[in-house]
Every structure is written in structure tokens, then in C-alpha cells.
Amino acid sequence: MAKEKIYDAIIIGSGASGGMAAKELTERGMEVLVLEAGPPVNPERDLSTHRWPYESMYRGFGPPGWKTQEQWMQDTAGEFSRHFYVKDGEHPYTTDPGKPFLWVRARIVGGKTLHWGRMSYRLSDLDFKAASHDGFGDDWPISYVDLSRYYDKAEEFIGVSGNRDGLPNLPDGNFLPPMKLNCGEQLLRKGAEKVGRHGIPMRVAMLTAPPKPWMKKRAKCHFCGNCGDGCDVGAMFNSLTSTLPVAEATGRMTLRPNSVVRHITVDPNTGKAKGVAFVDRVTHEEYEALGKVIVLGASTLESTRILLNSKSRQHPTGLGNSSAVLGHYLMDHFGGIGASGYFNILAGRDPVNEDGKTSGLLVPRFRNISKETKQQRFIRGYGFECGSGSRMYPAFVKNAALTPGFGSEFKKRVRHYYTTPVSMTTRAEMLPRRENYAEIDPDGVVDAWGIPVLKMHVQYSDNEREMARDAAQASEEILRAAGAEVVSTGGRMTAPGRIIHELGTARMGNDPKTSVLNKFNQSWDMKNLFVVDGAAFVTSANQNPTLTILALTMRACDYLADEYKKGNL
Amino acid sequence: MLFRQSEKRASDEAFVKLPTKPTRLHSIATLSRGNAFRGSFEAGPANYQFTYTPAKASIAGGRLHLQGRVIVTDARGQARARENVKATLLTTQGGIGTAPTRPGNPASGAPANNLPEIESTGVSSFTGVLYLELEPLRGGALGVAADLGRVQLNVRFAPLDDAERALQAAYSSVVDSTYGKSNASVAANAVNELNKLLAAH
């Protein structure tokens with residue numbers, strides 16, 4: 001008798017979308033296997049929330065050269081969080097000369113939820129139906145009304161702090177109390193309002209109130225400010241504290257870490273997906289897991305990579321790619337443009353640990369949101385993420401490094417201006433264009449397990465660059481209106497990928513000829529195959545995508561579980 | 001309550017066991033140091049140090065080819081070498097960050113007037129990683145119990161001095177000159193510069 005188990009569903013990835021899929025499907029009674037490429041997490045060892053820089057001989061900077069030599073694309077990795085991220089030498093990807101792409105990847109149970117920025121905003125119909133507004137590209141196959149109750153559910157489950165601001169292009173949700181603005185952020189908000197913009201507390205997936213009963217043993221945020229090093233009290237949403245424990249408690253989840261997926265296997269008789277071929281990251285032993293439904297939540301580009309690598313005679317260009325769209329319409333937000341300076345009015349005050357609050361001020365999109373704000377040089381829009389106040393070493397070093405002088409006068413000057421910095425940086429929409437795409441590297445480059453890697457082809461268009469020019473001017477205007485001494489404006493646009501909001505490449509749509517997935521994240525070509533992460537996005541909007549990914553996952557799983565029960569998959 | 005993986009592990013009996021290929025080394029990650037590429041790899045339980053030192057560069061079929069010396073050193077310090085090993089450039093990864101100083105990049109056009117620049121593009125673009133394929137090697141001859149029939153060499157540039165920066169610039173120029181509709185004389189000049197630097201060490 002065969003010992004192999006056939007799971008109701010195999011989920012690839014344990015991050016935001018994979019973890020949420022595990023929770024949703026196990027709660028609906030399905031036996032689920034979660035395959036995670038990275039190692040397991042030992043919270044005591046791996047989460048450094050309360051580690052001080054002075055506890056490390058490297059004072060938080062890490063051993064000399066580690067970043068440029070081993071993890072050169074892992075932009076947000078720090079000394080205490082570097083083990084969340086891949087080693088670039090084992091995980092190649094390629095680009096053409098002059099078209100760089102910065103790909104940040106976490107491979108560990110929980111994925112990027114261990115270190116993400118926690119910003120959680122809803123998209124509106126300005127985003128879902130952007131093409132109807134401005135004529136570019138395609139609309140999503142869903143509207144805000146289709147997703148709003150899933151936004152409600154996602155926010156309620158993970159806990160999002162924020163204010164009900166009444167902005168139509170940034171729908172309100174069900175929020176925990178907002179994190180208060182500090183002095184500099186309040187000055188900046190006044191400056192924004194002076195020039196006709198809004199300034200709102202950032203909406204972040206952090207508990208600012210006592211946890212609800214379903215937030216088992218999570219704790220209210222105590223403002224230690226080290227979210228990016230892994231939150232060991234569950235104050236921020238991550239898979240370890242939120243979704244995976246709930247799935248585990250059902251008794252219907254099996255999670256296998258160190259499972260690097262090669263491809264999805266297909267039953268040639270039925271034409272349906274039947275399992276997942278994977279290699280153990282450590283032992284290099286090869287396995288196939290069997291499942292009736294396959295759910296990809298490996299993160300945008302990894303999910304698409306798996307589909308492209310799943311080609312066969314029946315699927316010569318990759319699984320689910322009859323449209324020839326798989327890999328295309330790759331997007332990321334761009335940043336790097338903004339303004340910074342000092343609020344001299346705040347100089348000389350007593351410093352407080354303002355960096356314990358890892359939230360700030362958002363200036364939401366104000367361009368192309370109405371007839372009155374329509375722009376001639378670009379379509380769509382951008383917002384500003386803004387922050388002010390004192391920061392703990394080693395971030396503090398940047399301000400001191402820019403301060404002239406030496407000796408006791410230098411120290412006095414640093415202390416005097418320590419409380420004054422303010423900065424604004426853009427988060428801007430990138431248009432979805434077919435010519436921005438990822439493919440399997442045609443020159444045969446492989447990773448450390450022999451799995452073919454991706455080649456990225458991404459360039460900004462003039463729309464993004466015109467938007468960037470406008471953002472540079474708009475940020476300076478706000479900063480000056482706020483009364484800041486402006487020391488730096490403009491900047492360079494970040495290389496594609498740096499914002500870590502890669503989206504698209506397996507987009508959903510109403511037409512199987514122009515999309516990979518239907519409106520329920522289900523493959524048009526293979527009804528028991530779903531993609532629930534950012535790959536499904538049709539447009540990038542300018543809002544951070546994770547909340548929408550969670551809502552889409554919940555919606556897709558509702559549909560999937562119903563269809564499974566009816567025997568339709 | 002934090003999810004603790006260490007207490008929960010799937011039994012692999014639940015999965016179909018597939019044929020596992022004999023120990024095959026897919027890639028070696030190296031750093032460009034001096035004019036050599038230095039790294040290490042594991043084959044089974046054993047660790048090895050690896051060095052590839054290109055002595056000569058050429059272009060054929062639109063690709064960069066290197067010829068040089070391979071040295072593999074085992075954990076006991078015993079080194080085995082093989083001369084005149086060929087490595088062919090498969091492709092590259094664009095660098096992001098501080099570009100090495102070199103003449104304008106022919107691969108990208110200049111930015112449009114007055115529009116913001118994009119980091120590491122245009123004249124500030126450069127090569128961050130080379131992906132090369134080594135000619136088939138006999139593991140046994142190098143004291144390695146692994147299949148070295150198709151080993152990819154990943155070469156990361158992280159220069160520590162001006163000489164290493166100059167080498168990165170030279171490799172970047174060669175890569176740019178062979179990309180797309182390459183210009184044979186530009187490529188030849190770029191390779192000549194690279195060979196001068198390789199000979200200088």
C-alpha cells in the first residue's frame with residue numbers, strides 16, 4: 001500500500017499569502033501541506049527584537065564586507081536580520097546591461113513578513129479601474145466592492161492601526177488606534193495642508209490596542225522600534241504569530257521547511273496539476289508531494305519562476321501560459337525621489353526615543369484623482385512616506401556624519417540638531433507594460449540546486465520619470481511650507497525592485513487570452529492551480545500591496561474551498 | 001504564541017521519493033580578488049577552497065572566453081591544480097551601487113533632459129556579477145568526490161582597491177561591448193584592456 005499522502009492542497013510559501021492560505025483552507029477543513037524553501041525559525045535564536053547594537057562587536061553594522069560580498073541585493077538586511085534573507089551567491093538572477101533589478105528575497109518560515117514595512121492601505125476603484133479612468137492598460141476583473149469585505153476580514157484578523165480619514169482614493173478600514181504623530185510629523189502635516197495636500201498617520205499592521213481574542217498570545221506594541229529584526233511579541237503581523245499558529249491549531253496543516261520547489265507536476269491523463277517536485281535545501285534529496293490543489297504563494301517572481309519552470313510538452317511555455325502573458329507586466333513601485341531637511345524650530349529640545357514608533361506620516365496620492373487634479377505630463381500618481389525626529393545609533397550616525405566641525409563644538413552641534421531631521425520619499429505607481437517581464441534565463445544560469453533562474457527585463461517609462469520630476473517639486477514645496485530648512489531635494493529614482501513591491505507577471509483578468517488567472521486567482525488553464533501572491537496584480541497602484549494580497553488570498557480561498565467541496569477542482 | 005517549526009516536522013514518508021542525482025556541483029560562488037576568482041564549495045560532507053585565475057581573455061561567438069588556472073584545496077590543505085581551463089561567460093547581473101570609473105557605457109542611452117536619473121543605469125551602470133560556465137572538469141583529478149561536468153562559476157565584484165575596481169570596470173566594458181548589436185572593434189579594445197590588466201598581476 002502506498003505510504004504517500006495526497007493532500008487536499010499544497011501551498012508553496014509560508015509568507016503573507018502562503019500563511020494566510022494555510023489558515024483559510026485549514027479552517028475550511030482541508031488537509032494542507034505548506035512547502036517553505038527556507039529554514040525553520042527558532043524564535044529565541046532568530047528574532048532579535050530586543051538586541052541592542054552594543055551587544056554586537058560590530059555594533060549593528062555586521063562583519064566587514066558581509067553585505068557587498070554575500071548579500072549584495074538584500075537591501076534591507078541588517079546584522080540582526082541577515083539570516084532572514086537569501087545569500088545572493090546561491091540565488092542568482094540575471095539582467096541585461098544597463099537594466100539593473102534589485103531583488104530582495106527572504107527564504108525562511110514566514111518569509112518577508114518577518115521584516116516587512118507593515119504599511120497597510122486599501123486600493124480603491126481609482127486603482128482597480130484605472131484603465132477606465134485614463135485609458136492605459138487593463139482594468140482589474142474585480143472592483144472595490146468585490147474585495148471590501150475581505151479587506152475588512154484581513155484588517156480585523158491581522159490588526160491595522162490607523163485613522164478614518166475619509167479619502168475616497170484611500171478607503172478607510174476597521175482600525176486600531178493610530179500611532180500618534182511626533183512633533184516634526186505634525187509640522188509636516190501642517191505644511192502639506194497649507195499647499196492643499198493631506199497628511200495622515202501611516203496605517204500599519206501593528207497592535208496599538210490590546211489583542212482581540214483570536215490574536216492568540218500576541219501582545220500590544222511597546223515601541224521598541226526593531227520591527228525589521230523580527231518581532232518576538234507578535235505586535236506586528238507576521239506569519240509566525242498570526243496565520244501559521246491558527247492553521248497549526250486546526251491539526252490539518254503540515255509544514256515542511258527547507259523544501260525548494262523545482263516545478264509543479266501534472267497528471268498527463270487528466271491534464272490537472274497533481275503535485276510538486278522539490279529538493280531538500282540541505283540534503284539535496286529529491287521528492288514529489290502529491291496534492292489535489294496547488295496554491296502558489298511563493299512571492300511574485302518565485303511563483304512565476306515555478307510556473308515557467310513547469311513547462312512540458314503539454315505546456316511548452318510554462319504552466320498556465322496559454323495566453324503567453326506569464327512573466328509579463330512586471331512592476332515595482334519607485335522611490336528615491338523626495339526632499340529632506342531640518343526643523344530648526346525643534347533644535348535643542350530634549351531627545352525622546354521617537355524611533356520606537358516605526359510609523360510616520362503619509363501624504364496620500366493627490367495627482368490624477370479627479371478632473372481638477374489631472375496632469376498633462378503623466379497618468380496615475382504617487383504618495384510620500386515621511387518621517388521626522390531622533391533616531392537610535394547606528395541610524396544616528398548618518399546625521400552626525402553630515403554635521404561639520406570637530407571636538408566639543410561638533411558634539412554640541414550634533415546634540416542640538418539631533419531632534420530636527422525630517423525627510424519625505426516617494427512611493428509611486430509604475431505602469432504595467434508587457435515589455436517589462438521576467439523569463440527563465442535563456443543562457444542556462446541555475447541556482448545552487450540546479451534550478452533555472454529568472455532574467456528580468458525592466459525599465460521605467462517616461463510616465464514614471466515625469467512623475468518623479470513632479471514628486472521632487474511637490475515634496476520640496478511641502479517641506480518649505482512646513483517651515484523646514486531644506487537641504488536636499490530630488491534624488492535619483494530607485495532601481496526597479498528596490499522598493500520590494502514587485503507585482504504582476506501572472507496577472508488576473510476577464511479574458512484568458514490576455515491574463516493568466518481569473519478573478520478568483522485561479523489559473524485559466526488548470527482549474528486546480530491558484531496563484532495568490534502579488535503576481536496576480538493587474539496594476540501596482542501606489543499603495544503598499546500586502547493588505548491587498550491578504551484580502552485577495554482570503555477571497556480566493558473562499559472560492560477554492562467552495563469549489564473543492566463541490567468537486568469542481 | 002509563536003509558531004515553532006522545530007517541534008513540527010513532516011515525515012518524508014508522506015512524499016514520493018524521486019531519484020536523487022549523484023553529487024553534482026551546480027555552481028561555485030566566488031569573489032573577484034586580485035585578478036582571481038576565489039570561493040569555496042561543499043561536495044557531500046567535504047569543504048573545498050576554489051580559485052580560478054584567468055590568464056587570457058578573448059571573444060568568440062559574441063561571448064567572453066577566459067582561460068586560466070583552477071586550484072582546488074581540500075580541508076587538509078592539499079591543493080590540486082589544472083591549467084588552461086576555459087570559462088565561457090553565460091550572462092551577467094547588473095550592479096547596483098557605486099560604479100567603477102570607466103568611459104561612458106555604450107549599452108544604455110543618456111537620460112532625457114531634465115528628467116530624474118535612475119540609479120545604476122546609463123553611464124553609472126556596471127556589471128555586478130559574472131556567470132561563467134567552466135569547461136567540464138574531472139572531479140577525481142581535483143580530489144573532489146562530485147560531478148564537475150557542468151559547473152557554473154558565479155563571480156561577484158566587490159572591489160577593495162583601485163586595481164580590483166579597474167578590473168571590474170574592464171569586465172563591465174567587455175560585457176557592454178558584446179551586448180546586443182556589438183561593435184567588433186569596441187569589443188576588441190575592451191578585451192585588450194582586460195588582457196593588459198590580467199597580465200599585470
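**Figure 1. Four salt bridges are found across the interface of chain A and chain B.** A salt bridge is here a side-chain nitrogen of Lys or Arg within 4 Å of a carboxyl oxygen of Asp or Glu. One joins B:Lys17 to A:Glu285 through their side chains, with an N to O distance of 2.6 Å. The model is predicted: local features need pLDDT of at least 70 and side-chain atom pairs count only at pLDDT 80 or more, whereas totals for chains, interfaces and linings use all residues. Residues are numbered from 1 along each chain as its sequence is written, chains are lettered from A and ligands numbered from 1 in the order in which they are written, and side-chain values use heavy atoms, with hydrogens and water left out.

**Figure 2. The contact between the chains involves 75 residues from chain A and 56 residues from chain B.** Contact means heavy atoms within 4.5 Å. Together the two chains bury about 5500 Å², of which 58% is on carbon and sulfur atoms; buried area is the accessible area (1.4 Å probe) that two parts lose on being put together, summed over both. Within chain A, the most area is lost to chain B by A:Pro97, A:Arg465 and A:Arg492, which together account for 12% of what that side buries. Between the chains, 23 residue pairs, both at pLDDT 80 or more, are in polar contact. A polar contact is a pair of N or O atoms within 3.5 Å; within protein, one must be able to donate a hydrogen and the other to accept it, and residues adjacent in sequence count only if both atoms are side-chain atoms. Elements giving two or more residues to the chain A side include helix H8 (243-249), strand E8 (286-296) and helix H12 (462-481) of chain A. Helices (H or I, at least four residues) and strands (E, at least two) are DSSP runs, numbered from the N terminus.

**Figure 3. Strand E8 of chain A pairs with strand E1 (residues 16-17) of chain B.** The pairing is antiparallel, over two bridges; two strands pair if DSSP finds at least two bridges between them. The bridge partner of A:Tyr287 is B:Lys17, in E1(B). B:Lys17 also takes part in the salt bridge with A:Glu285.

**Figure 4. Seven strands of chain B close into a barrel.** The order is E2-E3-E4-E5-E6-E7-E8, with mixed pairing. From one strand to the next, the twist averages 35 degrees. Strands E6 (residues 79-94) and E7 (residues 127-134) of chain B are antiparallel and share seven bridges, and B:Thr92 has B:Leu130 of E7(B) as its bridge partner. Helix H1 (residues 162-177) of chain B lies across strands E2, E3, E4, E5, E6 and E7 of chain B, at about 70 degrees to E7(B). Helix H2 (residues 184-200) of chain B lies across E4 and E5 of chain B, at about 135 degrees to E4(B). Axes are lines fitted to C-alpha atoms, for helices over the stretch in contact, and angles run from 0 to 180 degrees between N-to-C directions.

**Figure 5. A three-stranded open sheet in chain A has the order E3-E14-E13.** Its pairing is mixed, and E3 and strand E13 (437-440) of chain A are the edge strands, each pairing on one side only. Strand E13 of chain A pairs in the antiparallel sense with strand E14 (residues 454-457) of chain A over four bridges; A:Ile440 has A:Leu454 as its bridge partner in E14(A). Helix H9 (residues 300-309) of chain A packs on the sheet, touching E13 and E14 of chain A, and its direction makes about 40 degrees with that of E13(A).
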